[in-house]
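Hi,

Here is the structure I promised to pass on.

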Number of protein chains: 2
Amino acid sequence: MKVIVTGAGGFIGTQLVRELCQRGTLALRPSGEVEISSIVAADLCIPEESRQGLPDWVSFVEADLSTDEAVDSIIPKEEDFLLFHLAAIVSGDGERDFDLCIRVNLEGTVKLFEACRNSRGQARLVFASSLAVFGGEACPPVVGDETKPLPQTTYGMTKLAGELMINDYSRKDFLDGRAIRLPTIFIRPGKPNAALSSFASGLFREPLSGVDFELPVSREQGVPLLSYRKVVEAFVLAMECDGEALGDDRTLTLPSRQYFVRDMISALERVAEQKGITLGKIIDQPDPLVIKVVEGWPIGTESKRAEALGMSADSSVEEVIEAYLEDFHEVSGQA
Amino acid sequence: MKVIVTGAGGFIGTQLVRELCQRGTLALRPSGEVEISSIVAADLCIPEESRQGLPDWVSFVEADLSTDEAVDSIIPKEEDFLLFHLAAIVSGDGERDFDLCIRVNLEGTVKLFEACRNSRGQARLVFASSLAVFGGEACPPVVGDETKPLPQTTYGMTKLAGELMINDYSRKDFLDGRAIRLPTIFIRPGKPNAALSSFASGLFREPLSGVDFELPVSREQGVPLLSYRKVVEAFVLAMECDGEALGDDRTLTLPSRQYFVRDMISALERVAEQKGITLGKIIDQPDPLVIKVVEGWPIGTESKRAEALGMSADSSVEEVIEAYLEDFHEVSGQA
């Protein structure tokens with residue numbers, strides 16, 4: 001079966017495409033195992049490192065996925081297909097440019113869902129949502145599938161709107177969708193991105209590369225973290241699960257573990273000492289915009305429904321740092 | 001100040017325009033009292049009975065409000081204004097025509113909000129939402145501002161999306177919005193409409209007119225009811241309240257009282273006996289589509305925030321039947 005991944009030029013999209021290539025099959029419930037015949041990796045821009053080492057049945061489409069032409073070019077007209085929809089304007093960019101965020105995250109997503117609905121093939125899809133659907137003064141510190149969402153960013157609002165669409169399009173049998181709410185994903189290699197949660201990766205990545213890091217939040221800030229390995233696994237499990245069995249809410253809040261920034265720093269120092277890595281300095285440089293938004297985010301998740309599908313959090317920060325060193329040792333420039 | 005009412009050809013819109021004409025002023029918090037200089041009553045179609053007896057500072061615009069031209073023609077470019085946005089495809093029609101529901105309730109609403117944002121005048125608006133934002137298996141029987149919404153109709157989904165937009169547009173200072181969630185409003189005069197809750201008015205209206213009524217739901221069904229007099233008052237209070245004081249969620253679940261169909265019928269029989277009215281028969285004629293949707297709706301509301309603003313439920317069904325006979329005695333054709 002054909003698989004389409006949007007946002008394939010981003011970090012998680014890149015890892016997901018690699019994982020799908022390695023697996024070669026997906027165990028779709030309740031119908032059974034299917035072979036992945038081809039993958040269309042689509043994004044506005046797909047850097048060379050996202051393309052390297054992939055088999056020839058992966059093709060790349062660089063296009064603005066919020067346009068009719070681009071959507072038309074990636075969604076099959078006749079055959080059944082699987083779609084992972086990750087492409088989005090991230091939270092920081094969304095706060096800076098409301099219209100762009102609406103155009104890409106809301107209108108672009110609706111266009112994609114409409115193309116799925118209009119295809120003669122059956123579409124099964126996973127939509128990447130976010131814990132940014134939660135917030136506000138009455139938001140409990142630990143959130144889950146039963147918590148009332150109340151976005152405090154345009155990004156979070158568009159993600160929640162996407163979840164609503166997934167539910168209604170699935171209820172109407174226009175497609176077979178499911179959404180997963182991502183906590184803060186770490187450790188992202190490469191350059192910082194415009195997500196307001198970017199510090200949760202930079203905090204590890206920069207010091208590990210011997211670069212000083214300016215910490216924009218308090219060391220007492222709690223963050224719900226999940227590693228990129230675990231989130232890629234969650235995307236696969238979300239696609240494989242039986243959509244009907246999710247009931248009337250097809251959104252799953254992913255598991256995470258809650259860490260305070262100070263504990264993240266201690267874990268980093270322990271691993272660095274073990275491995276003989278000389279860390280760059282972490283310099284407290286509070287940023288009021290980041291603090292205001294991040295303080296409104298929940299710090300933990302309750303994820304029984306996701307866990308019942310086999311999705312799980314990492315056992316420790318140390319484990320994630322070690323995996324990062326293993327996967328991106330050279331990329332990070334560390335000797 | 002100029003006031004615009006969309007959906008002014010509908011029952012609640014008609015009553016709201018009349019109430020605004022009678023009041024002549026609105027006590028906007030925190031700025032103070034303003035005189036209503038003119039009212040633009042807009043809808044796809046505005047019947048003669050909605051126009052009768054209104055002063056000459058009310059003008060009527062018949063147009064498809066989901067088009068750019070219509071929105072452009074009713075939203076002021078320079079002056080401050082107040083907007084009551086009631087126009088919508090109702091629940092039953094929305095289930096039958098998904099595309100129409102999305103075009104009018106979602107895209108049309110966004111167009112209107114965008115016009116408010118782009119106006120050089122300040123826009124203050126009340127958006128008519130609905131208890132249809134709630135539903136699903138895990139929905140508690142009594143819902144309120146802290147309950148997780150989970151729409152089970154396209155209508156409910158578009159109403160929830162409108163609430164999200166109100167919050168985000170207000171947060172970004174694009175407009176000063178607030179949304180009120182309407183329970184089932186009764187007793188509507190005239191013909192049945194395509195709302196799935198239409199039976200809650202027909203149940204009284206048809207027998208009072210000596211016409212037999214086919215009851216599409218069980219007599220054990222509970223319904224959260226609010227009279228048209230109370231909902232018009234709630235629209236005015238929602239416009240008058242201080243939007244900033246609503247905090248990060250500008251949606252208010254309106255008060256209602258929960259009645260079972262059997263109690264509604266008993267109250268009807270009591271009033272009819274008192275007034276010497278010979279009622280048409282109520283015939284049980286269960287409709288699976290209506291039952292399925294209505295059973296998923298909540299049967300009561302918890303509305304502390306709305307009550308703190310002076311919004312309230314009716315004291316009894318009898319009172320509402322009597323008000324209906326007073327207001328629509330001739331319209332209903334009863335001698």
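Let's start with a bent helix: α5(A) bends by about 30° at G108(A), where the bend at a residue is the angle between axes fitted to the seven residues ending there and the seven starting there. Helices here are DSSP runs of H or I with at least four residues, strands are E runs of at least two, and both are numbered from the N terminus.

Before going on, some housekeeping: this is a predicted model, so local features need pLDDT of at least 70 and side-chain atom pairs count only at pLDDT 80 or more, while totals for chains, interfaces and linings use all residues. Residues are numbered from 1 along each chain as its sequence is written, chains are lettered from A and ligands numbered from 1 in the order in which they are written, and side-chain values use heavy atoms, leaving out hydrogens and water.

Back to α5. In chain A this helix covers residues 98-118, and its 21 residues should span 30 Å at 1.5 Å a residue; the end C-alpha atoms are 29 Å apart, which agrees.

Next, helix packing. In chain A, α9 (residues 261-275) packs on α12 (residues 317-328) at an angle of about 50°, with the axes 9 Å apart; axes are lines fitted to C-alpha atoms, for helices over the stretch in contact, and angles run from 0 to 180 degrees between N-to-C directions. That makes α9(A) oblique to α12(A) (under 35 degrees is roughly parallel, over 145 roughly antiparallel, 65 to 115 roughly perpendicular, the rest oblique). Among the residues that meet there are L268(A) and V271(A) from α9(A), and I321(A) and L325(A) from α12(A), contact being heavy atoms within 4.5 Å.

In chain B I looked at α7 (residues 199-208) with α12 (residues 317-328): their angle is about 50° and their axes are 12 Å apart. F204(B), R205(B) and L208(B) in α7(B) meet V317(B), I321(B), Y324(B) and L325(B) in α12(B).

Finally, the backbone. Most residues other than glycine have a negative phi, and most peptide bonds are trans. Which bond is cis in chain A? The one joining F186(A) and I187(A), with omega about -5°. I187(A) sits in the loop between β10 (184-186) and α7 (199-208). In chain B, the bond from F186(B) to I187(B) is cis, with omega near -5°, and I187(B) is in the loop between β10 (184-186) and α7. D173(A), not a glycine, has a positive phi of about 60°; look for D173(A) in the loop between α6 (154-171) and β9 (176-182).

Cheers

Note on methods:
The expected span of a helix is 1.5 Å times one less than its number of residues.
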